[in-house]
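Good morning, and thank you for coming.

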Amino acid sequence: MDISFKQVSHTYQVNSPFEYHALKSLDFDIKSGQFVAIVGHTGSGKSTLIQHLNGLLKPTSGEVVIGDYRLKADEKTANIKGLREKVGVVFQYPEHQLFEETIEKDIAFGPKNFGASDETIQARIPKILEAVNLDVALLNRSPFDLSGGQMRRVAIAGVLAMEPDVLVLDEPTAGLDPRGQQEIMDMFYKLHHEKGLTTILVTHSMEDALKYADHVIILEQGKKYLEGKPEDIFVQQARLKQVQLDVPEEIQFLMDLEKRLGMTIHYEKQSVDDLADTIKHRLGGGQ
Amino acid sequence: MASSLIIGQYVPADSVVHRLDPRTKIMMIFTFVIIVFFANNAPSYLWLTVFSLGAATLTKIKPRFLLKGLKPVWFLIVFTFLLHLFVTREGDVLTTLLGFPVYTGALIQGFQISLRFFLLILVTSLLTLTTTPIEITDAIETLLHPLKKIKFPVHELALMMSISLRFIPTLMQETEKISKAQASRGVDFKTGPLKERIQAVVPLLVPLFVSAFKRAEELAMAMEARGYRGGEGRTRLRELAIVSRDYIAFCLFFIVIAGLFVLRG
């Protein structure tokens with residue numbers, strides 16, 4: 001589904017001493033099937049933006065269009081439940097939303113709310129468990145017996161079970177160990193391609209944004225600061241520095257390489273191994 | 001939902017009322033709650049209204065914000081008024097409304113009781129609006145200190161209070177977060193039959209309890225790790241001190257009380 005924000009502003013607690021402008025006339029488009037990373041500091045408006053994607057919040061002015069759905073201030077959106085079925089949101093620390101007695105019931109909770117039949121859900125569950133790398137034997141256990149990482153996977157499975165077209169991820173790897181982070185991100189990347197999802201990833205990690213996204217939006221104090229392809233955005237060290245963001249490790253390394261050894265390698269999303277090979281080659285190692 | 005109610009919320013501002021010692025404010029408001037019931041005629045009610053509105057003005061909080069914040073309570077005030085209007089049968093019949101006779105006594109009493117109600121809520125909410133929860137618990141701890149002689153656990157009580165006050169906003173945030181997460185999974189909290197809406201609370205309450213217990217455990221652990229061992233011999237970070245403006249406030253308040261007893265019939 002295509003998503004577009006047209007001059008979207010959002011203000012919390014209008015007309016009170018606590019009035020706060022979280023989004024300021026935000027304008028951007030996301031094409032169906034894109035993997036978009038939204039990067040910005042705490043307080044830049046990322047969480048507010050996310051909540052506009054499935055109608056938890058409405059713009060105070062401007063409009064949000066998601067597929068056939070339209071969110072506009074003072075306008076009742078028809079069939080908001082339908083929108084929430086199409087747009088799956090994995091919130092920060094999603095394991096905090098687990099509540100059922102068994103893992104199976106918790107995964108089935110979402111689709112059931114949207115009216116999926118028991119057979120459909122049962123058919124989905126094994127595939128989803130495989131995708132999030134959980135053992136089928138766990139299905140009848142309580143989600144509260146699991147480790148933090150496993151709970152996270154169950155919660156993610158609960159969102160995937162709704163089979164959304166758009167997947168919104170709010171720092172899905174926060175608080176996991178490095179290996180868990182890598183596994184979860186690779187899983188989302190794979191799902192993105194296999195199911196042709198539109199994925200929106202909110203992250204603090206420039207490395208993840210560079211590696212997975214094909215479009216990056218940088219937010220700063222509720223406004224769009226930069227937008228474009230990751231390989232174009234992340235080389236603008238000076239502009240990133242202005243908003244206290246770092247250049248991803250890979251690009252930083254290539255910049256240092258150029259400065260110290262005069263070796264110029266153009267970054268076009270090569271893997272770390274490929275980069276190492278290129279450097280070896282250039283240094284004359286060859287074999 | 002939570003943002004419209006201002007009772008219990010602290011609004012920072014630089015005003016005389018904010019700077020008063022919390023003990024002064026608590027004692028004055030406590031006394032006010034009692035003396036409101038002594039007002040029994042128009043001048044005495046007017047006198048108290050002037051005092052309350054004056055105090056509210058001194059806080060430098062916008063009146064519009066105050067009135068908006070009391071919105072949920074308006075319903076109760078209006079309800080009280082209507083109840084008295086139709087139930088009380090004193091004085092002469094004034095008119096008939098919806099087939100019920102309305103007495104003059106009912107009109108006066110209804111008005112007085114609702115005004116009393118309004119003043120009570122306004123003045124008590126001024127306490128929390130101008131005093132941080134920490135200040136309030138500190139004040140309660142010192143005010144209750146004499147009860148220690150009869151083995152009343154004053155410090156523990158104050159600690160419990162400050163911990164619960166500290167965690168109200170946290171739990172509110174948590175509630176909002178979880179309800180949003182569940183709404184994204186298709187839970188409908190706002191529409192649908194009553195039975196379904198009650199059932200919709202389960203996915204909200206279970207995670208909330210889980211996290212509250214977890215937080216309590218972590219807090220207890222952190223306190224022990226930092227050597228907490230109760231109130232005996234513990235020094236204070238914030239010392240409360242009664243200064244001249246508190247004495248002035250007391251004097252003014254005494255005039256209010258005296259005036260009330262002069263004016264009441």
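Let me begin with a convention: helices (H or I, at least four residues) and strands (E, at least two) are DSSP runs, numbered from the N terminus. This is a predicted model, in which local features need pLDDT of at least 70 and side-chain atom pairs count only at pLDDT 80 or more, while totals for chains, interfaces and linings use all residues. Residues are numbered from 1 along each chain as its sequence is written, and chains are lettered from A and ligands numbered from 1 in the order in which they are written.

I turn to chain A. In these terms, chain A holds 11 helices and 10 strands. Its C-alpha trace spans about 60 × 55 × 35 Å along the principal axes. A compact globule of 287 residues would have a radius of gyration near 19 Å, and the 21 Å of chain A agrees with that.

UniProt, in an unreviewed entry, places the feature "domain: ABC transporter" at residues 3–246 of chain A. UniProt positions are given here in the numbering used for the model, feature names are shortened, and annotations may be inferred rather than shown by experiment. Over residues 3–246, chain A is 36% helix and 26% strand, with the end C-alpha atoms 28 Å apart.

Next, the sheets of chain A. Strands of a sheet pair through backbone hydrogen bonds, either parallel or antiparallel. Here two strands count as paired if DSSP finds at least two bridges between them. One open sheet of chain A has four strands in the order S2-S1-S4-S5, with antiparallel pairing. Strand S2 (20–30) and strand S5 (69–72) of chain A stand at its edges with a single partner strand each, so one side of each has no neighbour in the sheet. From one strand to the next, the twist averages 20 degrees; for angles, axes are lines fitted to C-alpha atoms, for helices over the stretch in contact, and the values run from 0 to 180 degrees between N-to-C directions. Within this sheet, strand S1 (residues 3–12) of chain A pairs with S2(A) in the antiparallel sense over seven bridges. A:Phe5 stands opposite A:Phe28 in S2(A).

Another open sheet of chain A has six strands in the order S6-S7-S8-S3-S9-S10, and its pairing is mixed. Strand S6 (87–90) and strand S10 (223–228) of chain A are the edge strands, each pairing on one side only. Neighbouring strands of this sheet are turned by 15 degrees against each other on average, direction ignored. Strand S3 (residues 35–40) and strand S9 (residues 215–220) of chain A run parallel and are joined by five bridges. A:Ile38 has A:Ile217 in S9(A) as its bridge partner.

What lies across S3, S6, S7, S8 and S9 of chain A? That element is helix H1 (residues 46–53) of chain A, which runs at about 155 degrees to S7(A). Contact between two residues requires that their C-beta atoms, placed from the backbone, lie within 7 Å.

By an automatic or database domain assignment, chain A divides into domain 1 (3–235) and domain 2 (248–287). Taken over C-alpha atoms, the centres of these two domains of chain A are 34 Å apart. Their contact takes six residues from domain 1 and seven residues from domain 2 of chain A. On the domain 1 side, helix H7 (residues 206–212) of chain A gives the largest share, three residues.

Chain B comes next. Chain B has 11 helices and two strands. Its radius of gyration is 23 Å, well over the 18 Å that the globule rule gives for 265 residues, so chain B is more spread out than a compact globule. Its C-alpha atoms fill a box of roughly 70 × 60 × 40 Å along the principal axes.

For chain B, an unreviewed UniProt entry lists "transmembrane region" at residues 26–48, 69–87, 107–129 and 247–263. Residues 69–87 of chain B are 95% helix and 0% strand, with end C-alpha atoms 29 Å apart. Residues 247–263 of chain B are 100% helix and 0% strand, with end C-alpha atoms 24 Å apart.

Conventions. The radius of gyration is taken over C-alpha atoms; the globule rule is 2.2 Å times the number of residues to the power 0.38.
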